[in-house]
Amino acid sequence: MKLNRRRFLETGLVVSGVGLTKTVGAQDEDHYRPGGPWAPNEQAINYNGYLTNDELGKRLQQIDKRSDRIALEQIGASAGRGDPIWEVTVGDGNENVHIINQIHGDEPTGAAAMVKILQTLANGSAPAIETILDNLTITIIPRVNPDGANFVGDDGVGTDGELRQRRQNTTEWTEGDSRYINANSYGHGLEVPGYDLNRSFSIDPDYTPFDEPEEWWSVRDEEANLAALNMPVDEVPLEPEDGMPYDELWNVGLNINPETQAVTKSFLEADPDWAITHHHQNATIDPESAAQGGPEWQSIMSVMAPFGPTYAGLDGVDYRSYVGEGNPFLSVDTQTRSLQLSGLVADQMEQFGRGRFNTITRYGYGPLWGSYLDSLCPQTDAAGALYEVSHQSDSRGHKARGTMVKVTVEGIMATFERIADGSIHDVDEMTYFDLPLSEGIENPHDNR
Ligand SMILES: [Zn+2]
């Protein structure tokens with residue numbers, strides 16, 4: 001498939017993640033494994049294997065039709081394309097799990113992993129599956145951002161152009177949507193504007209634009225009408241659970257997109273005890289992987305747990321957080337469970353031995369008040385986890401996508417099993433802080 005490179009570069013590449021970036025020169029390419037040598041550039045971009053919105057809908061409907069364990073519901077429509085946002089529910093246990101995928105449209109492997117997981121839960125007969133279905137009620141949104149996942153044509157909503165993916169949706173801000181354009185979530189410089197939906201949730205689920213006083217806004221650019229919304233802590237409709245180090249919350253989202261509204265409603269109805277969100281990050285290495293000699297391995301996935309002042313205040317831990325106090329609206333018990341939720345993923349990958357899969361790293365944490373985890377987890381006291389599989393959808397070919405799907409399926413299925421049998425509570429939560437912080441490396445194919 002021919003790619004419009006110029007347009008893709010303008011709209012597609014957004015660096016996610018914190019941490020260091022080190023440059024890999026051509027002579028160093030063989031130094032890294034298993035990604036080195038990198039997939040040849042001509043194989044690097046291939047959207048053929050990703051499910052379009054129509055294909056995803058058909059797959060989910062097939063699974064639903066063939067199994068009485070599955071409930072499929074359309075819970076909304078995307079802002080630009082009007083494509084369905086699907087929610088799948090499975091199991092009827094007392095522990096509630098909520099999972100969202102592909103809130104960034106160019107981070108597609110979560111949706112593919114969910115299709116596999118749903119097939120297993122819909123049809124599997126292993127005792128472990130029965131234990132999961134008896135003990136958990138699982139709510140999955142396979143694709144939060146159909147606009148970004150299925151961006152076609154000049155305006156993103158066409159049908160005759162070439163398919164490509166991008167991070168944002170395609171909501172264009174118009175007068176009356178909000179007092180100002182939210183500088184932290186709106187891609188106003190894009191050829192086709194839109195919102196980063198994982199900066200667009202509100203810590204107040206009933207937030208209504210213009211109800212807020214003018215002075216909550218801190219104006220960044222008068223001419224462009226850009227400002228950031230900072231909410232005084234006293235006005236947040238939540239009780240602090242672990243002290244309160246802040247006077248106000250910065251960069252609060254507005255919840256004015258149909259996608260975040262659908263997810264928020266789904267979340268509150270599911271009333272989850274556990275919440276997971278799936279993403280992609282740029283290429284990273286496991287910095288401890290060369291300890292026994294030999295070259296460093298790339299990290300297959302980083303995990304991140306939201307936590308608050310209690311864990312942020314412990315001595316001797318390298319957090320490398322950009323904000324040291326974390327999220328004080330999470331109870332200490334919830335923070336502990338969040339750390340266990342991420343820690344168990346590394347546990348699970350140890351079965352594969354040293355190599356491609358056993359390279360789980362830690363993603364630096366700081367609260368993003370417009371994000372799914374930091375704004376919604378406190379609403380129901382849900383423990384949270386962020387999965388960040390390595391490589392964006394534009395940077396690898398088929399083979400790498402298979403490993404990204406596999407590590408996601410392994411992590412999520414192990415999570416289900418360990419919540420269902422209660423053994424998640426045996427995970428030493430401090431193992432999370434033993435995970436090495438991921439270090440970014442530069443993909444030589446990004447220098448184009
Ligand atoms: Zn993401």
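## Helices across the sheet

Helix α9 (residues 332–349) lies across β13 (274–281), β15 (301–304), β16 and β17 (383–390). Its direction is about 35° to β17. Helix α10 (residues 372–380) lies across β4, β13, β15 and β17. Helix α10 runs at about 175° to β13. Such angles run from 0 to 180 degrees between N-to-C directions, with axes fitted as lines to C-alpha atoms, for helices over the stretch in contact. Contact means heavy atoms within 4.5 Å. Helices (H or I, at least four residues) and strands (E, at least two) are DSSP runs, numbered from the N terminus.

This is a predicted model: local features need pLDDT of at least 70, side-chain atom pairs count only at pLDDT 80 or more, and totals for chains, interfaces and linings use all residues. Residues are numbered from 1 along each chain as its sequence is written, and side-chain values use heavy atoms, with hydrogens and water left out.

## The sheet

The sheet is open and has 8 strands. Their order is β2-β3-β5-β4-β13-β17-β15-β16, and the pairing is mixed. At the edges stand β2 (70–77) and β16 (360–362), each pairing on one side only. From one strand to the next, the twist averages 20°. Two strands pair if DSSP finds at least two bridges between them.

Take β4 (residues 95–101) and β5 (residues 136–141). They pair in the parallel sense over 6 bridges. I99 stands opposite I140 in β5.

## Strand β17

How many residues of β17 are buried? The count is 8 of its 8 residues. Buried means under 20% relative accessible area, exposed over 50%, and partly exposed in between (1.4 Å probe, protein chains only). A383, A385, Y387 and V389 point one way from β17. G384, L386, E388 and S390 point the other way.

β17 runs parallel to β13, and 8 bridges join them. Here H278 has Y387 as its bridge partner. With β15 the sense is antiparallel, over 4 bridges. M304 has L386 of β17 as its bridge partner.

## The zinc site

Which residues coordinate the zinc ion? They are H104 (ND1), E107 (OE), E107 (OE) and H279 (ND1), at 2.0 to 2.7 Å. Donors are N, O and S atoms within 2.8 Å of the metal (3.2 Å for Na, K and Ca); water is not among the atoms, so sites may look incomplete. In sequence, the donor residues are spaced H-x2-E-x171-H. H104 is buried, because its relative accessibility is 2%. E107 is buried too, with a relative accessible area of 1%.

Why is the arrangement irregular? The 4 donor atoms subtend angles of 54 to 149° around the zinc ion, which makes it irregular. Four donors count as tetrahedral if all angles lie between 85 and 135 degrees; four count as square planar and six as octahedral if opposite donors are over 155 degrees apart and all others between 65 and 115; anything else is irregular.

Helix α3 (residues 53–66) packs against helix α4 (residues 109–123) at an angle of about 10°, with axes 10 Å apart. That makes α3 roughly parallel to α4. Angles under 35 degrees count as roughly parallel, over 145 as roughly antiparallel, 65 to 115 as roughly perpendicular and the rest as oblique. L56, R59, L60, I63 and R66 in α3 meet V115, L118, Q119, A122 and N123 in α4.

D64 sits in α3. D64 is partly exposed, with a relative accessible area of 25%. Not counting residues up to four places away in sequence, D64 touches I70, A71 and L72. D64 and V88 are 24 residues apart in sequence, and 8.7 Å apart in space, C-alpha to C-alpha.
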